[in-house]
Amino acid sequence: MDLLGWVIFLVALLFSVMLHETGHFVMAKKFGMKATRYFVGFGPTLWSTTRGETEYGIKALPVGGFVKIIGMHSLDDVDDPADEPRSFRSHPAWQRIVVLCAGSFMHFVLAFLLIFGLALGIGIQNESTTQLGTISTCVAANTTQLNNGTCTASDPASPAKLAGLRVGDQVTAFNGQPVSNWNQLGDAIRKAPASSTAEITVQRDGKPLTLHATLATVSGRSGAYLGIAPAVVFQVVNPVRAAQYAGSAFGQVLVGSVKAVGALPGAATKLFSKDRGSGAGGQVIGVVGAAEATGSAVAADVGWQYKVSFVLLLIASLNIFVGLFNMLPLLPLDGGHVAVVVWERVRARFARLSGRPDPGLVDMAKLLPVSFSVFAILMLFSVLLILADIVNPVNIAG
């Protein structure tokens, strides 16, 4: 474990959470809602100051943050009745929905800017190559050792090393199928049966050479394992190309996140199985897994560009996933509150069409059992995810 990597991830996580709360806070202020508190962390207050009508502060446990907007729902009493017109519930439905969605919107903006900045400042990784940049010396016992790049005396030599592959070799074909980029080569390796003998054609010193390797597997990692990594080349691009890349990458992660969210119920049963990473839901990791991956990337014996690229893309991906997950129509998530506001307007419209008075706010007391049940399920899954990341980690580095 690399402590610096953990610190980087946890600081980025806290920043993301506070950016989420800032989204709620700024939009609430813009619409004239009264926000009385904006705090970093939870628990006992370490420091606070009041500016105008809002108390800003830091609490002892840096595990999140919160914004207090008065009158969020029917159960939220307002201390001063004169402030009722400035309560959240007293504002038009569209303004309440904007405030509720602002948190996830900030996650999406942060993710896009991270990817855009990566392409503009560090460069886009060129995967249109099959040149070998790293040859692993062993078959790691599990994904943790694989991510850390560590070998023990009992670990067998990697298939790539035994086959005689060298750094600088240009792979031109795998099992007789031509390959022209790293994605093609990686897919071909992972789809090949483990323990099978693969024929690898390379260009070495300008001459073709055919080698043979018996593919292996790594516990916790899906697909066959050869033990190679590409020669990484980063190409800095102009702002237009950077925006195009950010949009494309954002879309790919968003689609993957939708699949992962949909697969989560089924993935829960595989958290502690050997094929945990075989589906989209199984690729979801918790705080421990993400922090461990960040630490491994920072500690890895690779160039600084790869380290920064991996960490930024990981943080961007997590922000996209969290932003999407937060908009699920389930209480107590923001998406659940949006669903409540939408339902209030739907039933108000039906009441108006039938000549009945507006039924007003939803009675949140009736929804509390649902909210508590969903919260309990989310907490249970979070704990299971943390435990799985510790005892059965999934390799997200590829």
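This is a predicted model: local features need pLDDT of at least 70, side-chain atom pairs count only at pLDDT 80 or more; totals for chains, interfaces and linings use all residues.
Start with α2 (residues 93-121) and α8 (residues 304-326), whose axes come within 8 Å and cross at roughly 160°. That angle is over 145 degrees, so α2 and α8 are roughly antiparallel to each other. The crossing of α2 past α8 is left-handed. On the α2 side, the contact draws on Ser104, His107, Phe108, Leu110, Ala111, Leu114, Ile115 and Leu118. The α8 side supplies Ser309, Leu312, Leu313, Ile315, Ala316, Asn319, Ile320, Val322, Gly323, Leu324 and Asn326. Sorted by class, this contact of α2 with α8 holds 13 nonpolar residues and 6 polar ones, with no charged residues.

Helix α8 has another partner in α7 (residues 287-299): here the axes lie 9 Å apart and the packing angle is about 165°. The same cut-off applies, and α7 and α8 are therefore roughly antiparallel to each other. From α7 come Ala290, Ala293, Thr294, Ala297 and Val298, and they meet Lys307, Phe310, Val311, Leu314 and Leu318 in α8. The tally for the contact of α7 with α8 is 8 nonpolar, 1 polar and 1 charged.

Away from these helices, Asn142 sits in the loop between β4 (132-135) and α3 (143-148). Its relative accessible area is 27%, so Asn142 is partly exposed. Leaving aside residues up to four places away in sequence, Asn142 touches Val218 and Ser219. Arg89 is another matter: Asn142 and Arg89 are 53 residues apart along the chain, and their C-alpha atoms are separated by 52 Å.

Zooming out, the protein has 10 helices and 10 strands. Its C-alpha trace spans about 85 × 40 × 40 Å along the principal axes. Of the 398 residues, 42% are buried. Among contacts with a separation of 6 or more, 66% come from residues 24 or more positions apart. As for the surface, the accessible area of the protein comes to about 20,100 Å², and carbon and sulfur atoms account for 64% of that.

Definitions and conventions: Residues are numbered from 1 along each chain as its sequence is written. Side-chain values use heavy atoms; hydrogens and water are left out. Axes are lines fitted to C-alpha atoms, for helices over the stretch in contact, and angles run from 0 to 180 degrees between N-to-C directions. Helices (H or I, at least four residues) and strands (E, at least two) are DSSP runs, numbered from the N terminus. Angles under 35 degrees count as roughly parallel, over 145 as roughly antiparallel, 65 to 115 as roughly perpendicular and the rest as oblique. A crossing is left-handed if the near helix is turned anticlockwise from the far one by less than a right angle, and right-handed if clockwise. Contact means heavy atoms within 4.5 Å. Ala, Val, Leu, Ile, Met, Phe, Trp, Tyr, Cys and Pro count as nonpolar, Asp, Glu, Lys and Arg as charged, and the others, Gly among them, as polar. Buried means under 20% relative accessible area, exposed over 50%, partly exposed in between (1.4 Å probe, protein chains only). Accessible areas come from the Shrake-Rupley method with a 1.4 Å probe; for residues, only the protein chains shown count as cover.
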